[in-house]
Amino acid sequence: MTHAMLKGSNVPLDATAVRAVLRWTPGAGVPDVDASALLVSPEGSVRSDEDFVFYNQPRHPSGLVRHLPKTQLADKLTDTIEADLAALEPSVDRVVLAASSDGGAFAGVTDLQVLLYDAAASDGEPLAVFDVVPETGDETALICGELYRRADTWKFRALGQGYETGLVGLATEFGISVDENEAAAGRSAPPASEAPVSAPPASEPTPAGEPPTGGAPGPSAAAPSDSPVTPPPSTWPEEASGPPSAADPDAVTQHVADALPEPGPSAPPPPAAAPPAGPAPTGGGYGYPQHVPPPPTQPPAQPAYGYPGPPPQYQPPQQPPSAYGAPQPQPASTYGYPMQQPFVPDPSFVLPPQGPQFQRR
């Protein structure tokens, strides 16, 4: 009796050895599918890399789990895993049945099924059938189901759990270190559009009598654009005793032109030397314009509102001399304070006679 499995369901197995057949419909643009098996311990990982059985390692060292070649059946293509469950060591808790796609995601694979047969019977009806449907369609690896221990018996559980990281990601999930290049071994060579292009040699000899390509002055101009370019060292002419004065721009230009190296064959000719300049104009330094008229004379600044302006010049008033004791007019102060006149005693001043109250007794 064949059990039609649903995702997450399980069925007990009476057979001690089973054959799991992965079947799909091939066609133009349909990715190729490969079956694989992982012998997993109770800790949830493989014991070693030898517990991974796939097309590049088709036989477990114990010989109890094997990967068989692909077979064409009518319009279907199959890939098969066989496992002798009764003879497996107790350290193997379950055998994970997986599938990986090559050339696209599982969304392009049609009619993908897992059929579980009794390996001891040469023919007959399958024990269980599970239609594997990817969850998102972007998966490139699927856990189709697993054979697991329950006491002294074995059961099969339908899963359909997907991975978008392919066979490498699936193996890494169970503790296997798989090199992507090793996992891809045994496949057909990539098309010419994907084949790596060998890099050209770093440098090629130039035939005698021919200039270098690209109009470069020499081989050093062929360096890549991201390499640092070191400018040539600047040296002063032997007859110069020091750098020219910054006040003479023409001398600086002539001096820099003399310090530059000789140009290559394709470099443009240097500009004609400028005629000797006359005496350096005054008032202009290196890098500043010359013959600039002086700025116009600015009017005197007016005092701001609330601030006193410059004080007027003091001129003493012309007053006729007055008699002693008469009040003298005080000239106006500049800032509101009275002017202090020097005190001059009158030589003809005499105290009045004192009364008896002031005479000494």
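Which residues have the most contacts inside the largest nonpolar core? They are L88, L147 and F156. The legends below refer to a predicted model.

**Figure 1. Overview of the protein.** The predicted model contains three helices and twelve strands. The protein has 361 residues, and 27% of them count as buried. Its accessible surface comes to about 25500 Å², and carbon and sulfur atoms account for 57% of that area. Taking contacts between residues at least 6 apart in sequence, 66% join residues at least 24 apart.

**Figure 2. The nonpolar cores.** The largest nonpolar core is made up of 38 residues. L88, L147 and F156 are the residues with the most contacts inside this core.

Figure 3. Strand β4 covers residues 32–40 and includes S36. The relative accessible area of S36 is 2%; buried means under 20%, so S36 is buried. Leaving aside residues up to four places away in sequence, S36 touches F52, V53 and F54, and also I81, V96, L97, A98 and L167.

Figure 4. A pair of aromatic rings is described by the distance of the centres and the angle of the planes. The protein has two aromatic pairs. In the pair of F52 and F54, the ring centres are 4.5 Å apart and the planes are at 15°, so this pair is stacked. The rings of F54 and Y55 form an edge-to-face pair, with 5.2 Å from centre to centre and 75° between the planes. F52, F54 and Y55 together form one aromatic cluster.

Figure 5. F52, at 2% relative accessibility, counts as buried. F54 has a relative accessibility of 7% and also counts as buried.

**Figure 6. A charged residue over a ring.** R157 lies over the face of Y148. The distance from the ring centre is 4.1 Å.

How values were computed. Residues are numbered from 1 along each chain as its sequence is written. This is a predicted model: local features need pLDDT of at least 70, side-chain atom pairs count only at pLDDT 80 or more; totals for chains, interfaces and linings use all residues. Side-chain values use heavy atoms; hydrogens and water are left out. A nonpolar core is a set of buried Ala, Val, Leu, Ile, Met, Phe, Trp, Tyr and Cys residues joined through side-chain atoms within 4.5 Å. Buried means under 20% relative accessible area, exposed over 50%, partly exposed in between (1.4 Å probe, protein chains only). Helices (H or I, at least four residues) and strands (E, at least two) are DSSP runs, numbered from the N terminus. Contact means heavy atoms within 4.5 Å. Accessible areas come from the Shrake-Rupley method with a 1.4 Å probe; for residues, only the protein chains shown count as cover. Rings of Phe, Tyr and Trp (its six-membered ring) pair if their centres lie within 6.5 Å; planes under 30 degrees apart count as stacked, over 60 as edge-to-face and the rest as tilted. A charge sits over a ring if NZ of Lys or CZ of Arg is within 6 Å of the ring centre and within 35 degrees of the ring normal.
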